[in-house]
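Subject: The structure I promised you

Hi,

Here is the structure we talked about, with the sequence alongside.

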Amino acid sequence: MSQAKAEPTSTSYAESPYEGRLIRLRAREPEDEQLLHEWFNDPEVTEHLALRYPLSHRTERGFIERMSEVRYGNASFAVETLEGRMIGGCGLEGASPENRSATLGIAIGDKAYWDGGYGTDTMRVLCRVGFEVMNLHRIELDVYANNKRAIRVYEKVGFQLEVTKRKALYKFGQYHDIHIMGLLEGELKLED
Amino acid sequence: MPQPLQGELIRLRAREETDVDHFYRWINDWQVTKFLGARYVQSRKFESEWLASGDPGPQEARFVVETLDDQKPIGWVGLHPGFPENRTAGLGIAIGEHEFLDGGYGTDTMRTVCRFGLEMMNLHRIELSVFDWNTRAIRVYEKVGFKHEGVARDAMWKANRWHQLVHMGLLRGELR
């Protein structure tokens with residue numbers, strides 16, 4: 001290095017990509033186990049998730065162990081408020097370097113934060129990490145067709161409904177449709 | 001006597017390590033793999049190990065497709081179930097021998113493997129995705145009863161361009 005380069009001054013570089021208006025993403029820690037165990041055994045939280053069976057503390061500890069190293073193929077995060085209270089988790093899984101695509105998952109486990117824009121802000125921060133940190137071209141997600149609130153949030157941040165897999169999920173005694181929604185580079189909406 | 005693995009032109013059988021010659025040829029033939037998700041050339045060793053990697057079963061049902069009249073291997077097909085609760089499997093198919101791309105072999109293979117999935121594996125749904133430009137395959141899938149469920153935009157990068165993936169699904173009772 002012959003001479004020091006000036007630090008980039010664009011707003012997006014000056015701010016942490018992991019921080020939004022209401023939340024920030026951080027790596028998962030063993031201390032998160034108690035809350036995760038509580039949330040993911042709560043039927044109100046798991047209603048729209050691909051979870052069916054009770055989860056033990058051991059399983060949660062193993063999950064955190066596997067997820068605590070954040071890397072390209074396994075970008076998994078705890079969601080916390082800017083004050084540092086953990087309210088959920090999210091991640092971009094299975095990133096493919098050739099396709100530059102990954103699958104998004106999100107759950108706000110603390111029901112006190114279900115309204116008020118925390119989910120929307122988490123989506124925006126996570127997608128920004130996907131595009132700006134991971135250099136993804138496409139982010140996709142599965143959502144149960146009856147989860148209208150989540151679909152509204154996904155559409156608000158720019159996701160498009162692309163596929164409806166008919167009767168692809170069996171839960172609560174019947175089959176349900178699953179939507180695939182997709183967001184491409186340049187489509188993320190950072191403002192409401 | 002029911003013949004669950006047999007169609008009008010083809011039958012399905014388990015993969016054997018002795019299939020390595022044709023599988024090695026097919027997986028390294030761009031005229032075969034251009035229709036598939038596969039990207040990289042493969043060694044004989046890799047193919048041989050893959051062929052030895054398990055008999056058809058409830059977790060994964062991979063088959064060799066061979067002609068009924070002279071037992072010539074012409075391709076492969078597989079059903080890949082996800083969570084058993086959903087009774088759904090993904091389907092993958094390839095005809096490796098070019099001269100069997102026409103003549104109804106693909107259609108007969110699709111019907112046979114879907115019938116196997118529904119009747120023998122007790123699936124409720126079979127799904128697949130296909131490049132939007134692969135109109136010949138899409139016509140076959142439509143003909144046997146698959147319905148269009150949507151298009152995933154820019155879902156795959158292959159050979160210097162983005163591809164749109166058409167998703168199709170077949171439910172119990174829809175197979176023709």
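Let's start with a question: does B:Trp76 count as buried or exposed, and at what relative accessibility? It counts as buried, at 15% relative accessibility, because the cut-off for buried is under 20%. Before you go further, keep in mind that this is a predicted model.

**The tryptophans in chain B**

B:Trp76 has a partner. Together with B:Trp26 it makes an aromatic pair of the stacked kind, with 6.0 Å from centre to centre and 20 degrees between the planes. B:Trp26 is also buried, since its relative accessibility is 1%. Now look at where the two sit: B:Trp26 belongs to helix α1 (residues 20–27) of chain B, while B:Trp76 belongs to strand β3 (residues 73–81) of chain B, so the pair ties together parts that are 50 residues apart in sequence. If you colour by sequence position, you can find both ends of that link.

The pair is also part of a group. Ring pairs join B:Phe23, B:Trp26, B:Trp50 and B:Trp76 into a cluster. Over all chains, the structure holds 14 aromatic pairs.

While you are there, have a look at B:Thr33 in helix α2 (residues 30–33) of chain B. B:Thr33 is buried, at a relative accessible area of 6%. Leaving aside residues up to four places away in sequence, B:Thr33 touches B:Trp26, B:Ile27, B:Ala38 and B:Lys158.

**Two helix pairs to look at**

Next, go to helix α4 (residues 105–120) and helix α5 (residues 135–143) of chain B. They pack at an angle of about 45 degrees, and their axes are 10 Å apart. That makes α4(B) and α5(B) oblique to each other, and their crossing is right-handed. On the α4(B) side the contact uses B:Gly106, B:Thr107, B:Met110 and B:Arg111, and on the α5(B) side B:Val140, B:Tyr141 and B:Lys143. Sorted by class, this contact of α4(B) with α5(B) has three nonpolar, two polar and two charged residues.

Then do the exercise again in chain A, with α5(A) and helix α6 (residues 148–156). Their axes come within 10 Å and cross at roughly 45 degrees. α5(A) and α6(A) are therefore oblique to each other, and this crossing is right-handed. Here α5(A) brings A:Gly119, A:Thr120, A:Met123 and A:Arg124, and α6(A) brings A:Val153, A:Tyr154 and A:Lys156. The classes in the contact of α5(A) with α6(A) are three nonpolar, two polar and two charged residues.

A:Ile151 is buried, at a relative accessible area of 9%. Not counting residues up to four places away in sequence, A:Ile151 touches A:Val143, A:Tyr144, A:Ala145, A:His179 and A:Met181. From A:Ile151 to A:Leu161 there are 10 residues in sequence and 8.7 Å in space, C-alpha to C-alpha.

**A histidine with contacts in both chains**

A:His137 sits in the loop between α5 (118–133) and β5 (138–144) of chain A.

**Two asparagines with positive phi**

Last stop: backbone angles. B:Asn122 has a positive phi of about 60 degrees although it is not a glycine. B:Asn122 lies in the loop between α4 and β5 (125–131) of chain B, and is partly exposed, at 43% relative accessible area. For B:Asn160, phi is near 70 degrees, again a positive value in a residue other than glycine. B:Asn160 lies in the loop between β6 (147–158) and β7 (161–171) of chain B, and is exposed, at 66%.

Conventions. Residues numbered from 1 in each chain as written. Chains lettered and ligands numbered in written order. Predicted model: local features only at pLDDT ≥ 70, side-chain atom pairs only at ≥ 80, totals over all residues. Heavy atoms only, no water. Axes fitted to C-alpha atoms, helices over the stretch in contact; angles between N-to-C directions. Helix = DSSP H or I, 4+ residues; strand = E, 2+ residues; numbered from the N terminus. Parallel < 35°, antiparallel > 145°, perpendicular 65-115°, else oblique. Left-handed = near helix turned anticlockwise from the far one by under 90°. Contact = heavy atoms within 4.5 Å. Nonpolar A, V, L, I, M, F, W, Y, C, P; charged D, E, K, R; others polar. Phe/Tyr/Trp six-rings, centres within 6.5 Å; stacked < 30°, edge-to-face > 60°. Buried < 20%, exposed > 50% of the residue type's maximum accessible area, 1.4 Å probe, protein only.
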